[in-house]
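User: I would like to learn how to read cavities, pockets and overall fold from a model. Please take them in turn.

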Amino acid sequence: MTINERQDEIIDEFSGLDDWMDRYQLLIDLGSEQQPLPEEQKTEQNLIDGCQSRVWLQADYRDGRLFFTAESDALIVKGIVALLIRVLSDATPKQIIDADLYFIDAIGLREHLSPTRSNGLVAMVKQMRMYAIAYQAKS
């Protein structure tokens with residue numbers, strides 16, 4: 001499945017929910033379904049700068065593709081990072097670098113986040129792209 005197909009799937013899931021309380025609940029549910037990050041990966045190196053909440057992001061490179069895992073101490077943020085992982089994980093570094101993450105605006109996420117959470121979202125996307133740039137440079 002391509003990055004855009006994954007984004008379209010998320011847009012479909014959220015389009016059935018008109019109320020933003022329901023959308024926040026879906027985010028929380030998505031975050032709770034995510035596998036917790038092993039304690040040994042909750043390091044300073046994996047901590048994302050720019051997030052009000054603590055967010056750890058681990059990237060693993062296998063067979064030319066990046067796989068992300070993450071953890072946050074905030075429920076909604078955990079859901080947001082779960083969406084980003086769902087969209088960008090199992091993609092090549094080039095696909096991640098070139099991706100237009102249109103689902104963020106399409107589901108109204110950016111406009112319904114507080115400024116600090118919005119900054120955190122930008123920081124998470126930036127960190128995922130930085131991993132992609134680093135692994136692309138290595139190969």
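User: Which residues line the largest cavity?

Analyst: A cavity is a set of points on a 1 Å grid over the protein atoms alone where a 1.4 Å probe fits but cannot get out, and lining residues have an atom within 4 Å of a point. Here the lining consists of Cys51, Gln52, Ser53, Val55, Val77, Ile80, Thr116, Arg117, Gly120, Leu121 and Met124. This is a predicted model, in which local features need pLDDT of at least 70, side-chain atom pairs count only at pLDDT 80 or more, and totals for chains, interfaces and linings use all residues. Residues are numbered from 1 along each chain as its sequence is written, and side-chain values use heavy atoms, with hydrogens and water left out.

User: Which elements give two or more residues to that lining?

Analyst: Helices (H or I, at least four residues) and strands (E, at least two) are DSSP runs, numbered from the N terminus. For the largest cavity, the elements are helix H3 (75-88) and helix H6 (115-138). H6 gives the most, with five residues.

User: How much space lies in the largest cavity?

Analyst: A volume is the space filled by probe spheres set on the grid points, which are joined across faces, edges and corners. The largest cavity holds about 60 Å³, and the search of the whole structure finds one cavity of 30 Å³ or more.

User: What volume does the largest pocket have?

Analyst: A pocket is an open set of points with protein on both sides within 12 Å along at least five of seven lines. The largest one has a volume of about 200 Å³. It is lined by 13 residues, of which Gln34, Gln35, Phe68, Ala82 and Ile85 are the closest to its centre. Strand S2 (65-72) and H3 each give two or more residues to this lining, and H3 gives the most, with four.

User: What is the order of elements from the N terminus on?

Analyst: The protein has six helices and two strands, running α-α-β-β-α-α-α-α.

User: How does the radius of gyration agree with that of a compact globule?

Analyst: The radius is taken over C-alpha atoms, and the globule rule is 2.2 Å times the number of residues to the power 0.38. For 139 residues a compact globule would have a value near 14 Å, and the protein has 14 Å, so the two agree. The C-alpha trace spans about 45 × 30 × 25 Å along its principal axes.

User: What share of the residues is buried?

Analyst: Buried means under 20% relative accessible area (1.4 Å probe, protein chains only). Of the 139 residues, 46% are buried.

Terms used. Buried means under 20% relative accessible area, exposed over 50%, partly exposed in between (1.4 Å probe, protein chains only).
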